Amino acid sequence: MSRSGVGPEQHRQGSEADATATPFQAREHQHIRYNPLQDEWVLVSAHRMKRPWQGQVEPSLLKTVPRHDPNNPLCPGATRANGEVNPHYESTFLFDNDFPALQPDAPNPGPSDHPLFQAEAARGVCKVLCFHPWSDVTLPLMSVPEIRAVVDMWASVTEELGAQYPWVQIFENKGAMMGCSNPHPHCQVWASSFLPNIAQHEEQSQRAYQSQHGEPLLMEYGRQELLRKERLVLTSEHWLVLVPFWAVWPFQTLLLPRRHVRRLPELTPAERDDLAFIMKKLLTKYDNLFETSFPYTMGWHGAPMGSEAEANWDHWQLHAHYYPPLLRSSTVRKFMVGYEMLAQAQRDLTPEQMSSSCTGLSRVLVAVATAVVSAASSCPQAWGPPGVQYGQSGRSMTLCCPGVTAGAPVSWSRDGETRLLQGPDSGLGHELVLALADSTDEGTYVCRTLDGALGGMVTLQLGYPPSRPVVSCRAADYENFSCTWSPSQVSGLPTRYLTSYRKKTVPGADGQRVSPSTGPWPCPQDPPGATRCVVHGAEFWSQYRINVTEVNPLGASTRLLDVSLQSILRPDPPQGLRVESVPGYPRRLRASWMYPASWPRQPHFLLKFRLQYRPVQHPAWSMVEPAGLEEVITDAVAGLPHAVRVSARDFLDAGTWSAWSPEAWGTPSTGPLPKEIPAGGKPYTQPKENPQMDSPAPPRPSLLPDPRPLDHRDPLEQMAVLASLGIFSCLGLAAGALALGLWLRLKPDGKDGHQKPGFLAPMIPVDKLPGETKKSVC
């Protein structure tokens with residue numbers, strides 16, 4: 001009995017009754033799901049995604065990687081740790097791992113002396129396969145033909161090593177988050193003399209299912225997912241990409257062929273082409289999910305080979321696993337710790353939610369792969385006018401005859417020339433191979449069938465893959481901003497740009513808590529096809545990540561730019577600048593202007609201004625910062641025209657100053673002060689040719705000190721100065737005379753020391769008057 005007096009069985013029955021009354025929702029209620037491929041269970045707790053994240057935040061993944069680093073051991077021409085020098089490869093490059101985990105000549109540990117201490121021999125080979133000679137590309141940024149070359153190498157190395165070893169494991173670790181120490185695009189191939197644990201589980205599960213149900217497990221699973229359409233991410237003619245019902249990692253996917261295929265070497269050319277295409281599309285989806293180079297671990301599982309290659313492996317279906325670690329954003333990952341390590345696998349996001357995220361994303365942005373679909377077919381036509389094929393200068397190029405069946409023998413010649421470039425007996429069928437094509441190979445080619453009939457015409461145009469565009473953003477007000485871009489390198493090929501934005505995940509007040517990301521949303525190009533896009537309704541205090549992807553027939557390249565509205569705020573210049581003279585004031589000009597039309601005038605979002613002016617023949621500007629929408633210049637040079645301009649900035653100093661407005665000119669007045677005051681109390685002003693009249697209010701002088709001395713050559717000002725000096729001189733003389741008189745009256749006698757009686761007594765002492773006798777002294 002429990003402390004409450006209720007037995008365990010009664011408590012369990014009551015809980016089950018309560019649970020039955022509540023309808024089950026996968027997105028709200030925890031449950032466990034069975035993984036038939038691994039014969040294990042997975043705990044799904046989708047409601048945990050509502051909790052705020054206070055754990056580790058990974059650093060941003062916006063690291064710049066040089067295209068070629070001579071110190072990178074994977075680059076062409078670089079020297080590796082064992083002293084070998086890499087060839088200057090132009091496509092893929094396969095070599096033995098300099099630090100292998102498996103070696104072919106390891107000794108046998110011998111028999112065990114106890115069943116709890118068993119060890120067996122482990123031998124094998126480890127190789128490294130570089131995908132591309134450039135270090136700053138990844139598989140989603142490579143062209144479809146370049147990815148097809150990688151697929152061919154996978155099949156070739158599997159066949160080569162599988163002749164000796166029962167298991168050949170191809171895997172790629174992408175990104176530092178997955179432990180990859182070298183950013184150069186590459187994968188690893190480990191061949192072993194034993195069947196690894198996961199391979200053993202998959203072998204046993206697939207064999208058991210085939211024995212019980214009469215068909216391969218993954219073939220039936222693929223058909224069921226096609227019928228249910230709940231977890232599909234991508235489909236093509238030959239392949240499926242889906243989120244497994246039992247997925248553990250947040251954005252885990254499973255890549256399956258539609259046809260029953262046991263190993264990579266069994267793929268047909270059409271299936272390999274389609275595989276390269278769907279891989280590019282899937283990985284592009286990953287990159288655009290959080291606007292980052294998406295980290296993952298992927299690997300192929302095919303039927304065992306080696307000495308057992310000819311055994312019956314019909315229960316096995318070729319497949320690839322993708323395990324990305326990211327959970328909520330590009331900086332928040334899932335950790336396999338605690339319960340996962342000690343009990344069983346657990347995930348927060350349901351596979352159905354993940355699938356809908358990726359599928360929705362494809363409608364927003366992930367058109368990169370379809371934009372370069374031209375490279376996936378034997379006769380690409382998706383770019384430019386019909387009959388045009390594109391290639392990269394300095395690379396080998398394959399042309400195909402568009403009007404014949406694939407593989408049909410044809411002859412090739414240049415348009416307008418009779419000399420054959422390639423005869424029908426070349427063994428290349430309908431294709432023409434140009435080694436290291438350059439500008440001299442550009443032009444039109446003609447292909448003819450065996451009977452001399454015209455098969456078609458192909459125009460070759462060469463260029464370069466896209467480079468990361470140069471992007472800059474500016475906000476003309478506090479609600480909207482626009483971004484412009486330009487190519488960093490001219491490709492010489494038709495180019496498109498895909499643009500999107502998302503609100504970034506930013507730290508909270510405690511520096512740890514983060515809010516979920518939102519977006520991405522398309523950034524509309526205004527007008528369509530222009531090198532400018534506009535984001536409307538932005539939040540002033542938020543941060544945004546802009547994605548501009550340059551796409552051409554040879555691939556795609558993405559530039560990510562983080563911006564905050566308050567840092568890129570730059571108003572448009574003020575409008576309606578007018579400069580007018582002030583009648584009777586030969587050194588004054590009145591300047592007035594208006595807010596820019598793009599700035600919504602709100603009491604809490606005002607602008608401040610700065611004004612510059614100078615005589616037109618002088619190069620130096622004087623500057624003041626007015627308090628409103630007008631300013632009276634008090635130190636203009638009489639008789640000379642002046643140039644005036646004004647700029648604006650947010651009154652709280654957010655962003656930067658606007659560009660200067662167009663200059664306006666004005667010349668100080670040379671007429672006298674108005675003397676007559678007509679009825680109504682307003683001063684009379686002389687009519688001007690300019691229809692805009694002077695303001696009747698008296699001019700408001702500038703509050704800043706005059707930075708230049710007065711020009712005393714002006715007669716009126718000379719008279720004013722002389723009159724002022726005369727008045728001050730008279731006042732000074734009068735005050736001096738009065739002070740001198742007072743001092744003399746109050747001065748004591750130097751002989752007897754007695755003060756003189758009376759304030760107005762005579763200035764001559766009494767004892768000095770004539771006829772007066774001195775008083776006797778007693």
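Is Cys130 buried or exposed? In this predicted model, Cys130 has a relative accessibility of 0% and therefore counts as buried, since that value falls under the 20% that marks the limit for burial. The residue belongs to strand E4, which covers residues 124-130. Leaving aside residues up to four places away in sequence, Cys130 touches Leu74, Tyr89, Ser91, Thr92, Phe93, Phe95, His184, Pro185 and His186. One of these, Ser91, is 39 residues apart from Cys130 in sequence, while the two C-alpha atoms are 8.3 Å apart in space.

The chain has 778 residues, and buried residues make up 44% of them. Its secondary structure consists of 10 helices and 35 strands. When contacts are counted between residues at least 6 apart in sequence, 66% of them join residues that are at least 24 apart. The chain exposes about 41000 Å², and carbon and sulfur atoms supply 57% of that area.

The largest nonpolar core contains 51 residues, and the members that touch the most other members are Trp154, Leu255, Leu275, Met279, Trp300 and Tyr322.

Glu271 is found in helix H5, which spans residues 269-289, and with a relative accessible area of 3% Glu271 is buried. Beyond residues up to four places away in sequence, Glu271 touches His238, Trp239, Arg259, Val261 and Glu266.

The structure holds 21 of them, and one is formed by Tyr34 and Trp41, whose rings are 5.2 Å apart from centre to centre with 50° between the planes, an arrangement that is tilted. Tyr34 counts as partly exposed because its relative accessibility is 31%, which lies between the limits of 20% and 50%. Trp41 is likewise partly exposed, with a relative accessible area of 44%. Another pair consists of Phe481 and Tyr544, with ring centres 5.7 Å apart and planes at 50°, so this pair is tilted. Phe481 lies in strand E23 (residues 481-486) and Tyr544 in strand E27 (residues 543-552), so the pair ties together parts that are 63 residues apart in sequence. Both Phe481 and Tyr544 are buried.

The pair of Tyr34 and Trp41 leads on to the surface. Together with Ile32, these two residues form a nonpolar patch there, and the three have about 300 Å² of accessible area together. Trp41 has its place in strand E2, residues 40-44. In the loop between strand E1 (31-35) and E2 we find Asp39, whose phi is near 55°, a positive value in a residue other than glycine.

A positive phi is also found at Lys229, where the angle is about 55° although the residue is not a glycine. Lys229 is found in the loop between helix H4 (217-228) and strand E7 (232-235), and Lys229 is exposed, with a relative accessible area of 63%.

Tyr209 is found in helix H3, which runs over residues 197-213, and with a relative accessible area of 21% Tyr209 is partly exposed. The residues that Tyr209 touches, not counting those up to four places away in sequence, are Gly214, Glu215, Pro216, Leu217 and Glu220. Tyr209 and Leu37 are 172 residues apart in sequence, and their C-alpha atoms are 9.4 Å apart in space.

Notes: Residues numbered from 1 in each chain as written. Predicted model: local features only at pLDDT ≥ 70, side-chain atom pairs only at ≥ 80, totals over all residues. Heavy atoms only, no water. Core = buried A, V, L, I, M, F, W, Y, C linked by side-chain atoms within 4.5 Å. Buried < 20%, exposed > 50% of the residue type's maximum accessible area, 1.4 Å probe, protein only. Patch = residues over 30% accessible without salt bridge, like charges linked within 9 Å, V, L, I, M, F, W, Y side chains within 5 Å. Areas by Shrake-Rupley, 256 points an atom, 1.4 Å probe, with all protein chains shown as cover. Salt bridge = Lys/Arg side-chain N within 4 Å of Asp/Glu carboxyl O. Helix = DSSP H or I, 4+ residues; strand = E, 2+ residues; numbered from the N terminus. Contact = heavy atoms within 4.5 Å. Phe/Tyr/Trp six-rings, centres within 6.5 Å; stacked < 30°, edge-to-face > 60°.
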